[in-house]
Amino acid sequence: MEKPKIGVDTKRLEAWDKVTGTAKYNADFITPDTLHAVMLASPYAHAKIKKIDIKKALKSEGVLAVITGEDAPYLTGSMIHDRPPIARDRVRYFGEPVAVVVANTEEQGMKGVSLIDVKYEELPAVNKIKDAIKENPILIHKDLSRYTYAATDIYPKANTNIMDHVKIRKGNMKLGWSESDVVVESTFFLPQSDHIAMETRNSAAQIMHDGTVIINTSTQGPFAVKEELSDIFKIPEGKIIVKTPLVGGAFGGKATIQLEYIAYLASLAVGGKKVLVRNTREEDIMSSPGKLGVEGYVKIGATYDGMIKALECIYYVDCGAYADTAPRMAKSIASDCSGPYNIENIYCDSYSVYTNHGYTTSFRGFGHTASTFCIERILDKLAKKLSMDPSELRIKNAIKENDTSPTQDKITLSNTGDLNACINKLKKLINWEEGTLIENEDGMIKAKGMACLWKTSNSPTDATSGAIITTNSDGSLNLNFGATEIGPGMKTTMAMLLAEKLKMGVEKIHVFMDVNTQVSPMHWKTVASMTTFMVGNAVLKAADDLIKQLKQVGAIALKCQPEDLDVGNEMIYMKTDPSKFVFFKDVVHGYKYENGNAVWGEIIAKGNFIMRQLTPLDKETGKGKSGMSWTVGAQAVEIEYDPRMHTYRLIKAATVMDVGKTINPKTSKGLVMGGMNMGFGLATREEFIHDDDCILQTTSLRTYKVMRFGEQPEYIVDFVETPQMGAPFGARGLAEHGILGIPAAFANAMSLATKEEFDTLPIFPETIYKKKKEVEQ
Amino acid sequence: MLKILDSTVITLNVNGEDRKVVAKPSDILLYTLRNELGLTGAKPGCENGDCGACTVLIDDIPIKSCLMLTVEAIGKRILTVEGLKNAPIQKSFVENWGFQCGYCTSGFLMVCHSLSKMHPDADDVTIQDWLQSNICRCTGYQEIEYAIKSILNGGSSDIEGSTF
């Protein structure tokens, strides 16, 4: 019998391509007929465009066309149609594309860009959330109430900078506060930052003679690209083909559509020729969307014995100059605002706010890193006030069966998992009981902080996936689905699921590594840690279809009934007597009788999946269902603080997550560790810094710092496995979650070590020094 | 002295072969490798020397090919990831899950390969010194640490702790 596949470390299918340089990403397909589009970026955060003179640029060698906003009278956006692909009349953030030069070479394009003369009239910019929401603010979108909307459940406030307001009203706040013996409140701030996928965003477009549009792009959502291009440019969807090879990291930043619009417009300007637009690192940071910033105000009440009774929170989400997906993240913050705890009385307002910062889109964690930071910091403050061990407070209030979520969704063990099992396992891994604060003889202080996490998917209510299996005459299978390979090894996971189901070797499953929307079945987007769940379910359904067909044709070959048969090891065999069998290879392309007659033909199997029972949130109460399940977990960070220098060292970080079932253990651990590492980036260094004129200062990897080799602590990752019903082998999503609690756990450890409260990220040694000075004075 | 004023045919020694390429004085090596020779293993990540994704070896030393002019490479031995033939670090990266998206991998491999040749007994400080030149955004670096340590003298038995 074939060995099990699930739970066994399996190297990614494309592993050797990635260590030999043969793995190709979108901009690696270099052809001599490709033209290059180069963008001119706005030098102002907010300005009127008075005049654009392109005459000189057009005369420059190799320049074929120059396009400006005047050539592109479109408004785009996955929620609100508020963003022109190339700025029109005004610019609303530093780095916004103002003109695009199409040239034979990138170099000629850059030269052309330098010859464009733009006259701006600078306007005062909204640089802070508080300025965006004050009375009579500078309005960034005067037309907010006149825009059209791609979503129905979005509630902009006319003549303000508030594009959406999500409310959670659960239980009875008056009762909650009256039952609370202790109340703690605080404000928190997390700045905007960037995804920094190593492959910068890039897209190419070509328009064929019959109007077919071919887009080659580095994206998480080829099908969304097709849909939105069709919607904006009024091209029938069937006339758009989107192709995506391996993607060099994404983290949410490639889930939206930006350069695809520009590539299409550029191709249109040169008669449909193939045009590539490729971000420089600077453009990837300043022109393309980043991660949202959040200001949170949180107030929590509990009894003396630590039972949480009430939670009030107000979140202002700095979405930047355009809406993109940001309001969905504000919704996601509200939906899960309690953290993985049972709180019966909740009042939460989550506002999506326009500023003149760069616009933002989905980022690993989909807003949950911010809400987790706020709730987990306030829990430590509450624990301190109650003189209670922070882990005990969390265990006492951990969400469990029959509780309800902030959106009043019923909690089951299946749809969340076992948080307390995670906390208890974590405490052992991080040696919590030795003490969370230890002062060494040399004066160094060792401190530990903890944070719990939960997250649900927040997908559209009708998000869908599909899978197609075709067959080869060597008995191997071809698997094709619409999720792009952005790093988490999803192509491999799907091969494992299919191999397990067919009881055959993973090496005999050939996965179509690219996505081609004309060939691959649809997948909503490769986001939200939902690929294993959604595509996995489609693959399992396709596997059932395949097995059914194999048994039907096998029954003909073996002269029996399909129900007499089973499959395994690339054979269809009699259950009662496995020595009677036919090989897959002899039937998958039809069965041939001895006399030459043949029946059946190629076996082609299919499966699909759609989200179930999801609803938008009620406008007034927030009641609704944002996802089919949560993943819960607990994280801890151990640091060493030097009180003389105010520096710190990351010693150890641990995560225990209830993943339902570990499909590919090393890959799962790697994903969680990667998330944790990114969490340390947010905790210790990553931020967008704007000067007084709202100009982004951190536009390169020299000024925008990320974690580098050797700065990471020792990572420990472990899992709890409480299966999720209806999920492939019980597996929950886990790809984003490693990031969620790390900034909070780190800040909790730092606050403990320094005896100061750190409620703003990132925390630099300089921040600690300043805080200490402040207190001294 | 070589004098190049415009596009000129020059010879580069790449992965052990002499290759003729057309280059302008302003072309960077990364551009020539990718666009003239189709060696796309070296990746543009920042084109500013900050991320290391374009690292190649020049006379065995890791160099960011975005910071080197093509003409500077004349007469030198250029080794790209495509020129690695079953180098221990390739297998080690595969076996230690040293990458996810794979975009930074070529650069890391070149740095690690050179390190293992030049400092086969490298200690932690030396390893960190060398590998800080590159950025990986997917992994937690721990996997890369295991990958490099397992090919240095002393091997993987030196690696402590962790459940990985």
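Why does W97(B) count as buried? W97(B) is buried because 26 other C-beta atoms lie within 10 Å, where a residue is called buried if 20 or more other C-beta atoms lie within 10 Å of its own, exposed if 12 or fewer, and partly exposed in between, with C-beta atoms placed from the backbone. This is a predicted model, in which local features need pLDDT of at least 70 and side-chain atom pairs count only at pLDDT 80 or more, while totals for chains, interfaces and linings use all residues. Residues are numbered from 1 along each chain as its sequence is written, and chains are lettered from A and ligands numbered from 1 in the order in which they are written.

W97(B) lies in the loop between α2 and α3 of chain B, where helices (H or I, at least four residues) and strands (E, at least two) are DSSP runs, numbered from the N terminus. Its phi is near 55°, a positive value in a residue other than glycine. Most residues other than glycine have a negative phi, and most peptide bonds are trans. In chain A, F729(A) also has a positive phi, of about 55°, although it is not a glycine; F729(A) is found in the loop between β30 and α17 of chain A, and it counts as buried because it has 21 C-beta neighbours inside 10 Å.

Helix α17(A) is mostly covered, with 13 of its 13 residues buried, and it is followed by K755(A), whose phi is positive, near 60°. Further along, in the loop between α17 and α18 (765-776) of chain A, lies P762(A), which a cis peptide bond with omega of about -10° joins to L761(A).

Another pair of helices in chain A shows how two axes can cross. The axes of α10 (residues 368-385) and α11 (residues 390-397) of chain A come within 9 Å and cross at roughly 110°, where axes are lines fitted to C-alpha atoms, for helices over the stretch in contact, and angles run from 0 to 180 degrees between N-to-C directions. That makes α10(A) roughly perpendicular to α11(A), since angles under 35 degrees count as roughly parallel, over 145 as roughly antiparallel, 65 to 115 as roughly perpendicular and the rest as oblique.

Chain A also holds an open sheet of five strands in the order β16-β17-β28-β29-β30, with mixed pairing; two strands pair if DSSP finds at least two bridges between them. Strands β16 (437-439) and β30 (714-720) of chain A stand at the edges, each with a single partner strand, so one side of each is left without a neighbour in the sheet. Within this sheet, 10 bridges join β28 (residues 630-642) to β29 (residues 647-658) of chain A, and these two strands run antiparallel.

Finally, the two chains meet: 43 residues of chain B are in contact with 46 residues of chain A, two residues being in contact if their C-beta atoms, placed from the backbone, lie within 7 Å. The elements that give two or more residues to this side of chain B are α1 (29-36), α2 (88-95), α3 (105-118), α4 (124-131) and α5 (142-149) of chain B.
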